[in-house]
Amino acid sequence: MCYSPIFPNAEIDVRALRNELGLTQEQFALRYGFDVDAVRNWEQQRRKPEAATASYLRVIAKMPKEASEALEEPLDELLADALALDMPGRVQIGITALP
C-alpha cells in the first residue's frame with residue numbers, strides 16, 4: 001500500500017468534508033467535539049484550524065466512524081459512573097447487564 005506524504009499545512013476543506021459525511025454544522029461539531037462557531041469560521045475561511053486540529057480533521061476524513069467512536073464512552077461505564085454518585089433523595093434502581 002502506498003500513502004502520500006502528510007503535509008501539516010495542507011488546506012482542509014471542512015465544508016466539503018462535512019457535506020461528504022451528510023452532517024449539518026451542528027451535527028459535525030457535536031459528533032467530533034468541535035465548537036459550532038469554530039466550524040462556521042473554518043467553513044467561511046475567517047479562521048484556519050490549528051495544526052493539531054487540521055491533523056484531527058484528516059483523521060476524520062480518512063476514518064470518520066472510528067474518529068467518532070473514539071470519543072464515545074461505553075454505556076456501561078456511563079451507567080456505573082451515574083450509579084456511583086451519592087445523591088440524597090435519589091431513587092435506587094437495579095440494572096442487570098445483558099449477555
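In which sense, left-handed or right-handed, does helix 1 pass helix 4? The legends below take this up in turn. This is a predicted model, in which local features need pLDDT of at least 70 and side-chain atom pairs count only at pLDDT 80 or more, while totals for chains, interfaces and linings use all residues. Residues are numbered from 1 along each chain as its sequence is written, and side-chain values use heavy atoms, with hydrogens and water left out.

**View 1. Helix 1 passes helix 4 in a left-handed crossing.** A crossing is left-handed if the near helix is turned anticlockwise from the far one by less than a right angle, and right-handed if clockwise. Helices (H or I, at least four residues) are DSSP runs, numbered from the N terminus. The two axes come within 10 Å and cross at roughly 30 degrees; that makes helix 1 roughly parallel to helix 4. Axes here are lines fitted to C-alpha atoms, for helices over the stretch in contact, and angles run from 0 to 180 degrees between N-to-C directions. Angles under 35 degrees count as roughly parallel, over 145 as roughly antiparallel, 65 to 115 as roughly perpendicular and the rest as oblique.

**View 2. Side chains of helix 1 and helix 4 in contact (heavy atoms within 4.5 Å).** From helix 1, Val14, Leu17 and Leu21 meet Leu57, Ile60 and Ala61 of helix 4. By class, this contact has 6 nonpolar, no polar and no charged residues. Ala, Val, Leu, Ile, Met, Phe, Trp, Tyr, Cys and Pro count as nonpolar, Asp, Glu, Lys and Arg as charged, and the others, Gly among them, as polar.

**View 3. The buried residues of helix 2 (residues 25-32) are Gln25, Phe28, Ala29 and Tyr32.** Seen down the helix 2 axis, they fall within an arc of 95 degrees, so they line one face of the helix. The arc is that of the directions from the axis to the C-beta atoms. Buried means under 20% relative accessible area, exposed over 50%, partly exposed in between (1.4 Å probe, protein chains only). Packing partners of these buried residues are helix 1 (14-21), helix 3 (36-43), helix 4 (51-62) and helix 5 (64-70). Just after helix 2, Gly33 takes a positive phi of about 80 degrees.

**View 4. Helix 2 and helix 3 make a right-handed crossing.** Their axes lie 9 Å apart at an angle of about 120 degrees, and the two helices are therefore oblique to each other. Gln25, Glu26, Phe28 and Ala29 in helix 2 meet Val36, Val39, Arg40 and Glu43 in helix 3. The residues of this contact divide into 4 nonpolar, 1 polar and 3 charged.
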